[in-house]
Amino acid sequence: MKHETVLLNEAIKALQIKSDGIYVDGTLGGAGHSKLILNQLKNGFLYAFDQDNFAIEFAKNVLKDFSNYQIIKSNFRYIKQELNSRNVKEVDGILLDLGLSSFQIDDEKRGFTYLKDTKLDMRMDQNQELTAEIIVNTYSLEDLAKIFYLYGEEKNGYKIAREIIQKRPLLTTMDLVKITDKINRNEKGHSAKRVFQALRIAVNDELGALEEVIKDGIECLKPGGRMVVITFHSLEDRIVKHYFKEKTTISIPKNLPIQHIPLADYQLITSKPIYPSDSEYEQNSRSKSAKMRVIQRREQ
Ligand SMILES: C[S@@+](CC[C@H](N)C(=O)[O-])C[C@H]1O[C@@H](n2cnc3c(N)ncnc32)[C@H](O)[C@@H]1O
């Protein structure tokens with residue numbers, strides 16, 4: 001099993017690594033980015049987060065030749081607490097390469113795929129209680145429809161939710177796919193794609209965790225430090241785009257007699273997102289939806 005890192009060189013270049021700096025990889029995964037960061041560090045140190053045991057075991061092997069790093073098995077939403085508990089108040093750079101590793105998607109037992117008949121699980125953190133099975137079998141009609149609509153942009157969300165409630169209990173991915181096949185039979189692409197995306201986001205509270213990590217993460221940056229975020233769908237990108245814009249602009253009421261306009265504490269390095277190159281698109285289909293945005297804490 002292998003994970004093909006997306007925007008590998010672009011992300012590391014954007015971090016502007018200092019050999020004695022302290023860095024955070026919020027999404028260790030297959031350790032492609034972490035390895036390249038460590039290659040550029042001499043006296044520096046890397047803290048790497050992942051909430052998936054399998055990813056951590058895999059990454060330890062990839063990073064076996066390095067010692068100047070620590071893996072933190074935690075949701076990245078706790079970035080500030082985890083760093084503070086290690087007496088780290090400020091870091092030089094933070095990288096987030098969101099979503100799943102290929103080995104999570106490809107491992108049918110994890111229940112992320114609608115192509116295999118398997119348990120409805122979808123947890124990134126195997127110790128978490130909430131699974132996709134609990135959501136589809138216990139949530140109300142309104143809550144299910146809302147999840148499908150908001151997190152999957154699934155326009156038939158209400159109909160699918162109603163059918164789920166009639167067919168309960170649903171035990172496997174194919175129990176759900178039979179329902180989406182029926183309701184979305186005239187749609188292009190796989191009938192379950194949007195519903196699976198929505199459930200995955202809900203199970204792992206992916207958007208809530210993203211909001212927290214970018215908010216707390218940029219507060220942990222040293223002056224001149226950067227946060228680099230790679231997103232894979234519009235819901236994630238929208239959150240990053242809006243928050244970065246909010247933190248890099250100062251709104252001054254019109255007609256206020258101000259001579260020197262103060263600068264925001266952060267500056268936007270990417271006014272437009274950075275996309276993978278054509279050759280990366282060709283080699284790695286997962287890169288097709290990737291977008292990278294970068295923010296920097298202003299030097300004082
Ligand atoms: C796309 S992969 C990262 C791949 C990595 N950059 C590489 O080069 O191999 C995303 C990883 O982040 C982890 N992850 C996603 N959301 C997380 C969260 N909220 N907290 C901690 N880890 C998370 C997933 O378990 C997965 O292993």
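K42 is located in the loop that links α2 and β2, where helices (H or I, at least four residues) and strands (E, at least two) are DSSP runs numbered from the N terminus. The model is predicted: local features need pLDDT of at least 70, side-chain atom pairs count only at pLDDT 80 or more, and totals for chains, interfaces and linings use all residues. Residues are numbered from 1 along each chain as its sequence is written.

**Loop residues**
- K42 is exposed, with 9 other C-beta atoms within 10 Å; a residue is buried with 20 or more such neighbours, exposed with 12 or fewer, and partly exposed in between, C-beta atoms being placed from the backbone.
- Neighbours within four places in sequence aside, K42 is in contact with S19 and D20; contact requires C-beta atoms, placed from the backbone, within 7 Å.
- From K42 to I269 the C-alpha to C-alpha distance is 26 Å, with a separation of 227 residues in sequence.
- S140 occupies the loop between α6 (132-138) and α7, and it counts as exposed, with 10 C-beta neighbours inside 10 Å.
- S140 and I252 are separated by 112 residues in sequence and by 44 Å in space, C-alpha to C-alpha.

**Ligand shell**
- The ligand is surrounded by 22 residues, of which the closest are T5, T27, G29, G30 and G32; a residue is near a molecule if its C-beta atom, placed from the backbone, lies within 6 Å of it.
- At least two residues of this shell come from each of α2 (32-40) and β2 (45-50).
- The shell comprises seven nonpolar, 11 polar and four charged residues, with Ala, Val, Leu, Ile, Met, Phe, Trp, Tyr, Cys and Pro counted as nonpolar, Asp, Glu, Lys and Arg as charged, and the others, Gly among them, as polar.

**Helix packing**
- The axes of α7 (residues 141-152) and α10 (residues 193-203) come within 8 Å and cross at roughly 100°; axes are lines fitted to C-alpha atoms over the stretch in contact, and angles run from 0 to 180 degrees between N-to-C directions.
- The two helices, α7 and α10, are therefore roughly perpendicular, a term for angles of 65 to 115 degrees.
- I147, F148, Y151 and G152 of α7 make the contact with residues of α10 that include R194, V195 and Q197.
- Eight nonpolar, two polar and one charged residue form this contact of α7 with α10.

**Nonpolar cores**
- Within the largest nonpolar core, of 49 residues, A11, V228 and I230 touch the most other members; a core is a set of buried Ala, Val, Leu, Ile, Met, Phe, Trp, Tyr and Cys residues joined through C-beta atoms within 7 Å.
- Another core, of 26 residues, lies apart from it and includes A132, L176, I183 and A192.

Note on methods:
Angles under 35 degrees count as roughly parallel, over 145 as roughly antiparallel, 65 to 115 as roughly perpendicular and the rest as oblique. Two residues are in contact if their C-beta atoms, placed from the backbone, lie within 7 Å.
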